[in-house]
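Me: I would like a close look at one part of this predicted model. Please keep it brisk.

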Amino acid sequence: MTSTVPRAALTELPARTAEWFRAHARDLPWRRPGTTPWGVLVSEFMLQQTPVSRVEPVWLRWMAEWPVPSALAAESRAEVVRAWGKLGYPRRAMRLHAAAQAIATEHGDRVPSDVAALEALPGVGSYTARAVVAFGYGLRAPVVDTNVRRVVARAVHGAGDAGPARTRADLADVDALLPAEDAEAAVVSAALMELGAVVCTARSPRCGVCPVHAECAWVAAGRPEYTGPRRPVQGFAGTDRQVRGRLLDVLRAAEHPVPKAELDAVWADGAQRDRCLDSLLVDGLAEQFADGRFALGGTAPRTTD
DNA sequence: AACTCGTGGCC
DNA sequence: TGGCCAAGAGT
C-alpha cells in the first residue's frame with residue numbers, strides 16, 4: 001500500500017510539529033525520563049479509549065506496585081481487575097495481566113521491541129504495538145491512533161476529519177511523514193498524537209495556536225466540514241455494558257464472595273441481568289463458587305510452576 | 001465489516 | 001440536558 005501524502009507535506013509538517021512538541025508537550029508521568037517500556041505498555045493499555053486525566057493516578061499506583069511485568073504476572077487476576085478500578089473496559093485489565101504473564105515467561109521479563117512480537121500479546125493491536133516501539137524504545141514506527149488520523153486527514157489531505165479506518169493506507173500515510181532516524185521519528189510520532197490531542201481536536205480545533213497552520217491543507221481549503229460517514233455513537237444507558245459495569249462494581253467492592261441476591265439488586269430486568277452475569281463468567285471477569293456465590297474471576301493467586 | 005466492550009466529563 | 005467524545009482490540 002502506497003502513501004497518498006502529497007510531497008509538499010513531507011517536508012515542513014513533521015519538523016514543525018516536533019519542534020512544537022519539544023516546547024509544549026504535556027508533562028505526563030509516562031513521558032518522564034526513566035519510564036521503562038513496561039511503563040509505556042501499561043500506559044497504552046490504560047489509555048485505550050480512556051482519557052489521560054483518569055489514567056494518571058492509576059498508572060502511578062501500578063508502577064509503584066508492579067514495576068516489572070513479572071510482578072503483575074504474579075498477582076491474581078482478581079486483584080488486577082480490582083486495581084483497574086473504574087477505568088472502564090475491564091477486559092483490558094485481564095489482557096494486560098495475561099500479556100504480563102507472557103512477557104515474564106516467554107520473553108525473559110522484557111517487553112518485546114518489535115511489532116510482530118508485541119502484536120502477539122493479548123490486548124496489543126496495531127496501535128499499541130507501535131506505540132511501545134516508538135515511545136518505549138525510541139524507534140521509528142508509524143503510530144496511528146484516532147488523533148493522528150485526524151491530524152493527517154486535515155493537515156495533509158485537507159478533509160474535515162478522518163473517515164473510517166483504512167489500516168494499511170493509514171500506516172503508509174504516517175510512515176511517509178516520519179524521518180529516517182529512530183529518535184527523531186519517535187518524537188514526530190509523539191508530536192502528531194499530541195497535536196491531535198490538544199490542538200487539532202475533534203471539536204473546536206485551535207488553529208490559531210497550531211504550529212502547522214501555515215501548511216495545513218484543511219485551513220488552505222477553508223476548513224470544509226466533514227461530510228463522510230461517521231461511526232455511530234454508542235449508547236450506554238440500558239445496554240449490557242451498563243449492566244455488566246454495575247455487576248462488576250459490586251464484585252470489585254466486595255472483600256468476600258457475594259450471594260446472587262446482592263447482584264440481583266443492581267438491575268431490574270432479570271433476563272438481561274442473568275445474560276450479563278453469564279457473559280462475565282464466560283469472559284473470566286467473574287467466577288462462581290460451589291456454594292453459589294460470586295466473586296471477581298481468578299481469585300486464587302497464580303501458582304508458580 | 002460491523003458490532004461489542006465501561007466510564008465519566010464536557011459544552 | 002444529553003449527545004458526543006476519549007492514546008483500541010477482538011470477533
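How do the residues of the lining of the second largest pocket divide into nonpolar, polar and charged?

Reply: The lining of the second largest pocket divides into eight nonpolar, two polar and five charged residues. This is a predicted model, so read every value as computed from it.

Start with the space itself. The second largest pocket holds about 170 Å³. Its lining is made up of 15 residues. Closest to the pocket centre are Arg149, Ala153, Ala162, Arg166 and Asp170. Of these, Arg149, Arg166 and Asp170 count as charged, while Ala153 and Ala162 count as nonpolar.

Next, the elements around the pocket. Two helices each give two or more residues to the lining: H9 (146–156) and H10 (167–177). H9 gives the most, with four residues.

Ser189 sits in helix H11, residues 182–198. Ser189 is buried, because its relative accessible area of 1% is under the 20% cut-off. Leaving aside residues up to four places away in sequence, Ser189 touches Ala134, Phe135, Ala141, Val143 and Leu178.

Among the buried residues of H2 are Trp38, Leu41, Glu44 and Phe45. The buried residues of H2 pack against helices H3 (52–65), H4 (69–73), H5 (77–84), H6 (91–106) and H8 (126–137). After H2 comes Gln49, with a positive phi near 70°.

Conventions: Residues numbered from 1 in each chain as written. Chains lettered and ligands numbered in written order. Predicted model: local features only at pLDDT ≥ 70, side-chain atom pairs only at ≥ 80, totals over all residues. Heavy atoms only, no water. 1 Å grid on protein atoms, 1.4 Å probe; cavity = no way out; pocket = protein on both sides within 12 Å on 5 of 7 lines; lining within 4 Å. Points joined across faces, edges and corners; volume = space filled by probe spheres on them. Buried < 20%, exposed > 50% of the residue type's maximum accessible area, 1.4 Å probe, protein only. Contact = heavy atoms within 4.5 Å.
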